[in-house]
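Hello,

Here is the structure I said I would pass on. My notes follow below it.

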Amino acid sequence: MRDPRSFDAFYTGSVRRLVGQLHAMTGSRAEAEDCVQEAYARAWQRWDKVSGYGDPEAWVRTVAYRVSISSWRKAANMRAAHRRHGVPDDNRALNPDYVAIVTALRKVSASQRQAIVLHHLVGLSVEEIARETGAAAGTVKARLSRGRQALAPLLDEGVHCDA
Amino acid sequence: MRENEFRARLRAGAAELGASVNPSEPELIRRRGDRRRHRTMITSGVLAFAVGAGGGGVAYASLAQPGQPASPASGHSATAGPPTASPASAPPSDSAPSIVGVTTGGAIQVFSSVTGLARTTLVQKTDAIGDAIAVSPSGATVYFAVKRGCADSIESVPVSGGTPAVVTSGVLPAVSPDGTRLAFVREPSGGGPSAVQYGCPGSGDATAKPSALYHVVVRDLATGQETVYPAPPDEIAGMPYAISHLSWAPSGQTLLVSVGPGQGNGGWGLSVLDTATSRYYVPPGWPAASAAAVPVTGSPDAARSYYREGVFTPDGGMFVNRMCCDGVPVRVTSSKLLKINSAGQQIRQVAIGFTDRDHSSLDAYGGWLLYLSAHDLFIAGPGPARKITTGLIAAAWVP
């Protein structure tokens with residue numbers, strides 16, 4: 001039995017956070033909003049199961065990310081986003097530091113970007129990222145490391161490991 | 001940029017962006033999810049139709065809504081009747097007839113017969129026995145059987161909601177077409193052919209002979225007066241013949257009694273009980289049953305095929321699950337959902353069932369039929385059956 005009240009509470013409490021995370025992964029606010037909405041709709045579609053998962057937010061994030069990397073979906077999203085928002089300029093009102101980071105993130109590979117966002121923004125450990133993405137922990141470590149290396153020349157100061 | 005600085009900037013920016021988001025109302029998201037769910041059901045059905053392997057043996061191509069008038073039930077074919085509104089192009093009407101069901105989790109819920117979505121939950125948690133739920137012709141009251149230890153009881157709850165009330169002891173409730181009488185079964189324990197248990201007082205009494213313990217009972221709902229129809233005394237054997245379903249004829253006089261199995265995967269069948277003239281119900285396969293049993297005809301192997309369950313349809317026909325073959329070792333090679341006449345002759349094939357699934361909880365309303373294939377709920381109108389929802393152990397139309 002799907003409980004609309006629990007879904008509404010979950011949606012209201014997490015949607016902004018997930019749009020922020022997806023924006024960092026996709027670099028597009030419109031696409032992030034579309035993908036997150038689609039993922040929530042899919043969550044409601046099977047809310048009787050998803051609500052029983054330990055971390056429904058991770059489920060929605062994973063689905064939203066998968067939606068975003070679907071090429072067919074990407075094309076459809078771009079058309080829909082263009083209709084709604086016109087030419088993408090949704091970064092204008094944001095902090096320049098953040099815009100620079102997102103711009104740099106868009107230039108590294110999708111898997112590296114996903115790992116970096118999950119680690120630095122969502123705050124997941126390597127093991128948790130491995131579980132969420134289905135990759136081996138060693139692979140996640142490699143993606144984080146190479147992602148940092150790839151970001152370094154893209155950001156003025158690079159990204160250095162904390163001591 | 002140090003890693004912690006990178007992290008802080010990333011988080012601050014994402015939080016800033018998130019704060020500026022004006023998300024859609026959750027209700028809109030839910031509607032979108034519901035539309036997806038509906039499209040998924042339709043797509044899966046069309047795909048199943050395309051490959052000829054729908055759940056329960058059929059797929060659905062008919063998108064007619066139960067709310068639409070169906071063609072006359074007798075003799076209609078899979079292509080008879082005008083197509084009605086497609087759920088894919090028009091939102092499902094909330095006025096479509098409802099289905100009441102017992103979920104595998106024990107809740108009693110009212111579902112839309114179009115979308116399969118639950119409309120209301122009448123009872124959150126019961127120990128309801130499967131394949132045993134009935135609704136009064138007025139659509140106001142749901143009757144269901146509950147097992148509590150050795151005490152099986154029939155309870156009722158208003159469709160509009162309320163507290164369940166015990167009606168009497170027994171299982172397998174069926175309300176007469178005029179709503180004045182409740183037919184049910186008193187049996188040793190449990191409900192259905194596979195749930196016979198002998199751990200309860202009296203149920204294992206060899207001297208009583210198990211078959212003598214199965215009674216069809218008709219209770220006047222206004223006065224509480226009961227008429228009991230036992231198996232005939234000269235036919236009582238030492239083996240049980242569990243009754244699995246009861247269904248009233250449109251006349252309100254005759255009951256269709258689904259029976260079986262007896263020992264050795266035999267004794268299945270449908271027995272017609274005239275409540276006005278009969279003193280006994282006769283399990284199919286017994287010598288005295290020849291006049292009362294619904295004959296099995298057609299293929300495959302009519303001699304070894306049997307009716308697993310059957311119900312009357314409003315036009316006086318029968319909707320049955322015809323299976324093959326009885327006997328041991330148990331090996332099911334055919335399971336069909338059929339519309340037949342009282343002579344056992346096929347009017348039309350409603351669906352082909354999976355041979356490894358039980359098909360139960362048959363019910364008819366107008367020209368519409370429903371049944372469970374394991375826990376999947378299928379409905380069939382003039383066209384092929386389609387899966388509506390899953391997770392049920394009993395279902396019935398709400399008139």
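**Notes on the model**

Of the 399 residues in chain B, 48% are buried (20 or more other C-beta atoms, placed from the backbone, within 10 Å of the residue's own). This is a predicted model, in which local features need pLDDT of at least 70 and side-chain atom pairs count only at pLDDT 80 or more, while totals for chains, interfaces and linings use all residues. Residues are numbered from 1 along each chain as its sequence is written, with chains lettered from A and ligands numbered from 1 in the order in which they are written.

Chain B has two helices and 23 strands (DSSP runs, H or I of at least four residues for helices and E of at least two for strands, numbered from the N terminus). Among its contacts with a separation of 6 or more, 52% are between residues 24 or more positions apart; a contact means C-beta atoms, placed from the backbone, within 7 Å.

Where the chains meet, chain A supplies 36 residues and chain B 30 residues. On the chain B side, two or more residues come from each of H1 (3–20), H2 (26–51) and S3 (118–123) of chain B. H1(B) gives the most, with 15 residues.

In chain A, helices H2 (29–45) and H4 (56–69) pack with axes 8 Å apart, at an angle of about 125° (axes are lines fitted to C-alpha atoms over the stretch in contact, and angles run from 0 to 180 degrees between N-to-C directions).

Regards

Notes
Two residues are in contact if their C-beta atoms, placed from the backbone, lie within 7 Å. A residue is buried if 20 or more other C-beta atoms lie within 10 Å of its own, exposed if 12 or fewer, and partly exposed in between; C-beta atoms are placed from the backbone.
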